[in-house]
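Subject: Structure handover

Hello,

Here is the structure I promised you. My notes on what turned up follow below it.

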Amino acid sequence: MNQTKILIVDDDPSISRMMRVVLERMGGYLVREENRAAAALETAWEFAPDLIVLDEHMDGVHGGAVEAALHAEPVLESVPVLLATDRIKPTISVRCGGETVLTRAIDPNVLLARVSALLASPQQVRLAA
């Protein structure tokens, strides 16, 4: 059986660890963490994820720049990205430029629902958890 692979790129190991535990234990996904934005591309190449959860701001690098570098690679260009942010209140869900943006103070059920929805419909939609 081929297990769905998710790469978490977040410079806060406590956040990436929490997401990993939720996704592995509650979702049954195979998860890998990368805590350095500079290594995200190499790790993605090596791991070949089906989805990437990406912190919006890390190591002085904007997540959008990391996402652009990932999607510039032909082998990674179709991998959906769930963009995580802590710039809004935990209870607010907003639409911003056609993107759904949710807080990084992640509710495990919301994280699982967003991942599941994005994997079920892998169009180029950036969601945030």
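In H4 of this predicted model, the buried residues are Leu-111, Leu-112, Val-115 and Leu-118. Looking down the axis of H4, these buried residues fall within an arc of 140 degrees, so they line one face of the helix. The general rule behind such a pattern is simple: an α-helix has 3.6 residues a turn, so residues three or four places apart point the same way. The face turned away from the buried side of H4 carries the exposed residues Asn-109 and Ala-120. H4 covers residues 108-120, which is 13 residues. From first C-alpha to last, H4 reaches 18 Å, close to the 18 Å expected at 1.5 Å a residue.

What do the buried residues of H4 pack against? They meet strand S1 (5-9), H1, strand S3 (51-55) and strand S6 (81-84).

Next, the sheet. Four strands form an open sheet in the order S2-S1-S3-S6, and the pairing is parallel. S2 (30-34) and S6 are the edge strands, each pairing on one side only. On average, neighbouring strands of this sheet are turned by 15 degrees against each other, direction ignored. Helix H3 (residues 63-71) packs on the sheet and touches S3 and S6. The direction of H3 makes about 155 degrees with that of S3.

Now the strand pairs in detail. S1 and S2 run parallel and are joined by five bridges. Ile-8 stands opposite Glu-33 in S2. Val-9 has Glu-34 in S2 as its bridge partner. S1 is mostly covered, with four of its five residues buried. At the other end of the strand order, S3 and S6 pair in the parallel sense over four bridges. There, Ile-52 has Val-81 in S6 as its bridge partner. Val-81 and Leu-83 point one way from S6, while Leu-82 and Ala-84 point the other way. All of these S6 residues are buried.

Back to H3. Its buried residues are Gly-63, Val-66, Glu-67, Leu-70 and His-71. Seen down the axis of H3, they fall within an arc of 125 degrees, so they line one face of the helix. Which elements cover the buried residues of H3? The cover includes H2, S3, strand S4 (57-58), strand S5 (61-62) and S6.

Is Ser-16 buried or exposed? Ser-16 has 0% relative accessibility, so it counts as buried, the cut-off being under 20%. Its side chain makes a polar contact of 2.9 Å with the side chain of Asn-35. Leaving aside neighbours within four places in sequence, Ser-16 is in contact with Ile-8, Asp-10, Glu-33 and Asn-35.

Leu-41 counts as partly exposed because its relative accessibility is 28%. Leaving aside neighbours within four places in sequence, Leu-41 is in contact with Ala-69, Leu-70, Glu-73 and Leu-76. Take Leu-70 from that list: it is 29 residues from Leu-41 along the chain, yet their C-alpha atoms are separated by 5.9 Å. Leu-70 is also one of the buried residues of H3.

Last, the chain as a whole. The protein chain has four helices and eight strands. From the N terminus on, its elements run β-α-β-α-β-β-β-α-β-β-β-α. How much of the chain is buried? Buried residues make up 41% of the 129 residues. Among contacts with a separation of 6 or more, 67% come from residues 24 or more positions apart.

Best regards

Note on methods. Residues numbered from 1 in each chain as written. Predicted model: local features only at pLDDT ≥ 70, side-chain atom pairs only at ≥ 80, totals over all residues. Heavy atoms only, no water. Buried < 20%, exposed > 50% of the residue type's maximum accessible area, 1.4 Å probe, protein only. Polar contact = N/O pair within 3.5 Å; in protein donor to acceptor, adjacent residues only side chain to side chain. Contact = heavy atoms within 4.5 Å. Helix = DSSP H or I, 4+ residues; strand = E, 2+ residues; numbered from the N terminus. Expected span 1.5 Å × (residues − 1). Arc of directions from axis to C-beta. Pairing = 2+ DSSP bridges. Axes fitted to C-alpha atoms, helices over the stretch in contact; angles between N-to-C directions.
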